[in-house]
Amino acid sequence: MDPTGPAAGRNTLRTGPDDRGHFGMYGGRYVAETLMPVILSVEQAYAEARQDPAFATEFDYYLKHYVGRPSPLYFARRLTRQLGGARIYFKRDELNHTGAHKINNTLGQALLARRMGKARIIAETGAGQHGVATATVCALFGLSCTVFMGRADMERQAPNVFRMKLLGAEVRPVDSGSGTLKDAMNAALRHWVAHVEDTFYLIGTVAGPHPYPVMVRDFQTVIGREVREQLQEAEGRAPDTLVACIGGGSNAIGLFHPFLDDPEVRMIGVEAAGRGLDTGEHCASLSAGAPGVLHGNRTYLLQDEEGQIENGHSIAAGLDYPGVGPEHAWLKDCGRISYASVTDAEALEAFKLCARTEGILPALEPAHALAHVARIAPDLPTDHILVMNLCGRGDKDVFTVADALGESA
Amino acid sequence: MTGERRIARRFRRLRAEGRAGLVTFVTAGDPSPDLSREIVLALPAAGADIIELGMPFSDPMADGPSIQQSSLRALAGGQTMARTFAQVAALRDRDDETPVVLMGYFNPIYRYGVARFVADAAAAGVDGLIVVDLPPEEHDELRLPAADAGLDLMALVAPTTDDARLPRVLGRAAGFVYYVSVAGITGTVSAAVPDIERAVNRIRRTTDLPVGVGFGIRTPEQTAAIAAVADAAVVGSAIVDRIAADLDNDGKPTGDPVATVSAFVADLAAGARSAKRRTADDVGAE
C-alpha cells in the first residue's frame, strides 16, 4: 500500500520478502499440503489487489471515514518536561475505532476476503482486541465471523468476549493446550483446513505463512507514513528514534517499515519481559528465544531444547505469544532494529505515569513501549525527536491493573 | 548396501502377495517410553506392514484431539528425539524388514539440527519421513540431506491438491505417497471410498510410487475397503484411542495396552488381507 515504494537503484531494507515469502532465512510457508492451495490463492489475490488502485482507494476511504484516520501525532508536553530529555510524540492509534491499531489490518483483509468472494471469516484472538476488530469489520461488510479464543483468555478478557458477541460474531472456546493465543491459532488453522472452500483466515499480526506477514505489514504501514508527514509538518524533519511494543509485531512494523531506509532513524522494539527474562516467564522471543518453525513461518520462538513450544507470560495479553513476525527476526539479525524488554512491573509504572501526566490510559501493550521511553528519554538531548506508537487504549486493562496494583499495595 | 530400500522392498512383497499393506501409527513415547517401546515391538507380529511413528510436538496443527493428546502424553512422559531413535533401534535389533516412517512437524527436527537428525535417524534404522508442515515449497532443506542419508522424504497429497499442483508435489517424492483423504484434521471424519479411489487413480497417473491412504480409517471394514483401492491403508487415531481408553485419570494403564493394541492391529490386518483388490495390479503393471 506504499505508493512510493522503495527507491529504485539503491540498497533497501524494504523490498522483502522474496517471492516465496522469505525474509533472509525467516518467513516462508510451513503449512500442511491441505492448506497450500488456499495459501497460494490468498497470495495471488493479494498480489492482484496490491496492484489495483481501486483496492487502495476503497481501503483509504474506510480508513478515513470509518476508522477515523489519520490518527493524531501528539506532542506529549508534560511527559517530555518530566523526563527532561528527548521531545516525545505519541502516535495516537488508540483513538482509532475499536481502540487500537488492529483495525487497520482487519479492514484490509476483510476487503480482500470480499474481493475473493469468501463469505466467512475466521480469526484467532488472545486479549480479544483482534477478535473485536475482526467482528467489527465483519459486521460492517455483512460477513459471517467465527473467532477462536483460548478458554483461559475468555475468562481473563470477558468484556471483549461480550463485545464480539454484540457485534454478531461467534466466539469459539479453545480448550486444547494452555487455552491461550497460540492454542487459538492452532484451532483456527485446524478449522481452516476443513473449510478452505468458503473461509478466509484473518490473521491478527505479521506472522503466519506467506503472504500474511507482508500483507498485514502493508496494511499497518499507514501508521509510519502518517508519522512521516505529520512530523514533517510539526518539526520540519524526520524523527530520531521510533519506539513500539512487540508481541507479534504488527504495530511496530507498521511504524518502522516506512523508515527502514532512513539510516539516521533509530528504531527500538520493546518485548514483554513478564516477571523477568531470567524467570522463564516472559514473552521476549527475540531477546531470549531461538529460531524455529511455528504457525507457518520460521522465526524466533520460545522453545525448549527439544523444539517444543513454551508458553509465554505477560501482564499484557496482547504480547502473550511465543513467537514474533519473521520480518522482525530478520531485522534483528541484520542489526537494523534493536530490541529491548520491559517487565510487568515496569509496564504498570509506565501505565500510571501516562495516566497522570498526559491524561491517557494506555493499553498495557504500549505501556511497555512507554516504560522503555521513560528509560532512555532523560539521557537524550532536548532536540532529539522520539515517536512512540500508542497503539491501544487502556480501558480493556483497568481491572487487570487494579488487581496488579492491589496485590503490590 | 546399494540394494532396494525397505519401503520399496515391502511394497514389492505386498504386490507379490496380491494384497495391500497396513500402516499403523502410534506416537513415540505414548503412553510412556517403556510401554511405547513394547507396543511398537509387537506391531510386526500383530500384522503391521509398515510402522509409522509420531515424533511428539507441543503444537500438532494438523492433528485432531486423539493425536494431540497422545503427543502431550508422550511429552509429559519425557519423550525426546533421542528416545524416539532409541525406540527405532530397539525394533531394528529384532526386525530388519518392517519399514519405519517417522511422522511429525518440522520444528523438533530443525531444533535437533537437520544434519544430525538425518544421520541419527538413518543410524537408528529409520526408512522414511513424513513432515506435515514441510510442503514442497519448503522441503529442500530436509529432502536433500535426507536423500543423502538414504531416507525417503515422503509426499503428502490432499483433496485440495489440484492437477496443476500434483506434479510439483510428487516430483521429488520418495517411499510411498501419503494421500490425506479428508480435507481436515486426523481422527475426525471419513471420506467416501469412491472419492478415494478416484483420488488414488489420479495420483497413479502422475507417479509410479505406491499410494497409502490415511485419515478417517478406523475399523477393519474401512481398512478392507481402502485396501481394495490403494496400496496401503493408514490407521492412526483409532489405535491411539485404544491406548488412551486404557488409561486411568492419572494416565496409568489399567490393562495391558500392548495386548490391546496388538489385538486391534490384528483385526485391522485381517481387514487389509481380506480385501478383494480391483485396481493396483492392473493399473500398476501396465
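How many residues does the contact take from chain A and from chain B? The contact, defined as heavy atoms within 4.5 Å, takes 36 residues from chain A and 36 residues from chain B. The structure is a predicted model, in which local features need pLDDT of at least 70 and side-chain atom pairs count only at pLDDT 80 or more, while totals for chains, interfaces and linings use all residues. Residues are numbered from 1 along each chain as its sequence is written, chains are lettered from A and ligands numbered from 1 in the order in which they are written, and side-chain values use heavy atoms, with hydrogens and water left out.

Between them, chain A and chain B bury about 3000 Å², 50% of it on carbon and sulfur atoms; buried area is the accessible area (1.4 Å probe) that two parts lose on being put together, summed over both. On the side of chain A, the most area is lost to chain B by A:Glu33, A:Arg190 and A:Glu306, together 23% of what that side buries.

Four salt bridges are found across the interface of chain A and chain B, a salt bridge being a side-chain nitrogen of Lys or Arg within 4 Å of a carboxyl oxygen of Asp or Glu. A:Glu33 and B:Arg165 form a salt bridge through their side chains, at 2.8 Å from N to O. The side of chain A that touches chain B draws two or more residues from each of β2 (26-30), α1 (36-50), α8 (181-194), β11 (290-294) and β12 (296-301) of chain A. Helices (H or I, at least four residues) and strands (E, at least two) are DSSP runs, numbered from the N terminus. With six residues, α8(A) gives the most to this side.

Within chain A, the domain assignment gives domain 1 (23-65 + 102-216) and domain 2 (70-99 + 221-408), with bounds that come from an automatic or database domain assignment. The C-alpha centres of domain 1 of chain A and domain 2 of chain A are 23 Å apart. Their contact takes 35 residues from domain 1 of chain A and 34 residues from domain 2 of chain A.

The two domains of chain A bury about 2900 Å² between them, 62% of it on carbon and sulfur atoms. Of the area that domain 1 of chain A buries against domain 2 of chain A, 24% is supplied by A:Tyr26, A:Tyr30 and A:Lys182, more than by any other three residues. The count of salt bridges between domain 1 of chain A and domain 2 of chain A is zero.
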